[in-house]
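Hi everyone, thanks for coming. Please take a moment with the picture before I start talking about it.

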Amino acid sequence: MVTAATSQRLTATETGQSGNRPLVVGIYQNPPKIAINDTGRLTGIFGDLLQQIALQEGWQLKPVSCDWAYCLELLTSGDIDIMPDVAFSPERAVVMSFHQTPALYSWSKFYSLSGQDVNQLADLAGKQVAVLKDSSQYFFLKNVSEQQQLPITLLPVKSLSAAFNLVAAGQADIAAASHFFGDRRADAFQLKANMLRFSPVELYFTTALNQNLDVLAIIDRQLQQWQADPQSYYYQTVKRWSEPDFTATAATSMLVLWAVFNVVLLALIAAIVFWYFRRSRRQLGQLQLSQERLTTILNSVDAHIYIKDRRFRYQYVNHKIAELFCRPAEQIVGHTDSLFFDGKTVEQLQTNDQRVLHAGQRIVEEEINTLASSGQSHTFLSVKLPLRHANGEIYALCGISTDITEHKQNQAAIHQLAFYDALTALPNRRLLLERLEQAFSLADRIGCQGAILFIDLDHFKDLNDTRGHAVGDELLSLVASRLGGQLRKSDTLARFGGDEFVVLLTELQSRPDLAAQRVELLATKLMTMLSQPFQLTECSYSISASIGIAMFSDANNVDELLQRADLALYDAKSRGRNRYCFYDSTLQAKVIARTAMLNGLRQALSLNYFSLHYQPQYHSDGRMLGAEVLLRWFDPELGPVSPADFIPLAEDCGLILPIGAWVLQQSCQQLERWQHDPITAHWHLAVNLSARQLHDPKFVQLVTDTLHSTGADPAHLVLELTETQLLQDIETVIVKMQQLGELGVRFSLDDFGTGYSSLSYLKRLPLNQLKIDGSFVRDVLHDPSDAAIIRTILALGNSLELNVIAEGVETVAQYQALTELGCQQFQGYLLGRPAPVSELSATSQIPA
């Protein structure tokens, strides 16, 4: 069938000059549809119709007689202009043009000698069938033979008369022919028509593809006008050629018999008609009731049910189809999908429908169809099956399409939840592990390298503790966006959990050194990018990251690879964070030791393995001012463990909070005991704070409750903090210090001069003491810069009315140099080593 675009071309050329034009017409002998008589004039239904149109339009018709197959060759080559009596098929539409309105409907039958009955397709098995070469009957029988594996022998002939001659002569079992020809000529060959027949086909005038389109347009317009009028020349012609031939003598003889017969049968007919009328009314009522029930059922089903003919036109639709297209059923029937869907959908639908209508397949397909009216897409699960006549010929398809759009959306949402992180929309741990398994296997097969980078945000918990989880989530989203912008499409960025991200790099160079170089460059770029401030809703925030890297060649399987990347990350953190580290084999021993230490640390509090030592602090006049509390840990298996080793570990695992609370409790209890002795009543205790303690929202309440429960004098409690602890969220820290300062608690700024805090904040902090870092004291005798720094700190303390104490005093020379610079408070091995409280001395042996 011609497309809508072809139809538009036909219309556009209707105004072309077609009068007085010669038209070469290819004719094959197939009466009464088309033939050439003895005078060379066109006859038959198609011949008379074309003659009449030619007379109106002034065309000069030049008939050319040819057999069917040769006529088709002449038409497609352009040697003839037009050919009548051609059935439409999609294959012919590729090389031919058709008009819109069928000129005639015809069906074919099987004709044979008596005793060769063909009532169903299976009866054709083993038969020799004479059939017109390259006709629609020929291709139908060929498809039936191939698809149903029937052993049919086709004998292609050049004309229908030749087919009947072969059967009459016993050289073929059966002939296939249109009923127009066969019913008229069967008796002449002593053949009979069989019960089995072909489906009706639509017959047209046709031209070579895109040739003589103006002629087809005129024929189409004339056919439409004729077929709209039952009294037109068209119906007269069809009726005239459809009636049997009678001679005048035979007509005269039979006229008398016909009159007698009519009189005899008149009464009988009247009785039969009356009986039939009553029976028909009853059957019609039952049929209408059945049809109403069927319509109710089809309209109640939550599915789109439809029937399409072989030219993809809707022949039936239920109410779901009408709802989908927003049209009543009568405005849908007779139209193709091109009226309702976009071009891509139409192409897809016709491809699937052809498999059903022309290949006889039953298909089950998911179809994504986009409506032309709204642009909205729906996903359907469509079941399509062919509808066949009794002879097996396909005449339509039946489709049942269920809208599964919501189901597919739910599936996508479930997949998103299962494999992607809800906050960042990055692949989650599960999807990363799947991709990592695939990448690891691929690298092994093709001999390439790969790597994973574990990225952990340093001190991220501090942001959550001080600003809340909403702000932390905002930062994580921004980090994910930044990281994703630095990677290739083939790389995978995943959120592994919490503040940890993983980058999977695949198909790197096979040489380990080149692959590692590529990974190192990326790690450097990622760290630089993450170090830039993040603009959050509430504030600007800076953070660093630690990265652990493991190459595929470092491990034998995925689990081992993940473990070793985690070891590398731990190594980066243990080296001070804000750096990247590659895995190496020595890390394993470090991790074993760290694990043993962590296990012991978890039990140290409950098993009372911790103790406190005190390092005295003295005035230059020899008086003991107090002491700094130092935590010690002796483990039965590990022995004495250095605070430099276990304090960072306690920070990382969160144990620093209960440990810090225990230290504070013990220190306050000691202060309370000193208060009852006149010698020790004025002593203070300096307790070091960790960053986690300081930023803990419950810290102020913890100190307050501890002082209250122990009865310690707040004025004798000195809390030591470092400048680096003030870098994050200093405003909140100032508020906490002010709250505790109102209780009488004092504060000392440890390691002063080594941090980065602005002096503008120093004057706002409620400090009581500055502590000169031991690194300046160590080189005060040899480095003039250190002496200048100490002098500046002493001057700053004096101007701000702050006490200044020097720590790390180990030699007499250092002590004397500090005294000469104006320092009056000291702490160090020269004056006293850390020891249990029982070994503290109220006076020191400060050299003169």
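Let me begin with a definition: a charge sits over a ring if NZ of Lys or CZ of Arg is within 6 Å of the ring centre and within 35 degrees of the ring normal. Keep in mind, too, that this is a predicted model.

With that in hand, look at R482: its charged end sits over the ring of F534, 3.7 Å from the ring's centre. R311 gives us another example, with its charged end over the ring of F88 and 4.8 Å from the centre of that ring.

Now let me step back to the whole chain. It has 848 residues, and 47% of them are buried. You can find 28 helices and 34 strands in it. The accessible surface comes to about 42,000 Å², and carbon and sulfur atoms account for 53% of that. Here is one for the contacts: of those with a separation of 6 or more, what share joins residues 24 or more positions apart? The share is 67%.

Next, rings with rings. The structure holds 25 aromatic pairs. One of them is Y138 with F139: the ring centres are 5.5 Å apart and the planes stand at 80 degrees, so this pair is edge-to-face. If you want the reasoning, planes over 60 degrees apart count as edge-to-face. Of these two residues, Y138 is buried, at 17% relative accessible area, while F139 is partly exposed, at 39%.

Let's compare that with W226 and Y233. Is this pair stacked, tilted or edge-to-face? The ring centres are 5.7 Å apart and the planes are at 45 degrees, so the pair is tilted. W226 is buried, with a relative accessible area of 7%, and Y233 is partly exposed, with 26%.

Aromatic residues can also gather in a group. Y306, Y314, F325, F340 and F341 form one aromatic cluster, so do try to find those five on your screen.

My last stop is a strand. β5 covers residues 83-87, and five of its five residues are buried. Which strand does β5 pair with? Its partner is β13, residues 201-208, and the two run in the antiparallel sense over three bridges.

Conventions
Residues numbered from 1 in each chain as written. Predicted model: local features only at pLDDT ≥ 70, side-chain atom pairs only at ≥ 80, totals over all residues. Heavy atoms only, no water. Phe/Tyr/Trp six-rings, centres within 6.5 Å; stacked < 30°, edge-to-face > 60°. Buried < 20%, exposed > 50% of the residue type's maximum accessible area, 1.4 Å probe, protein only. Helix = DSSP H or I, 4+ residues; strand = E, 2+ residues; numbered from the N terminus. Pairing = 2+ DSSP bridges. Contact = heavy atoms within 4.5 Å. Areas by Shrake-Rupley, 256 points an atom, 1.4 Å probe, with all protein chains shown as cover.
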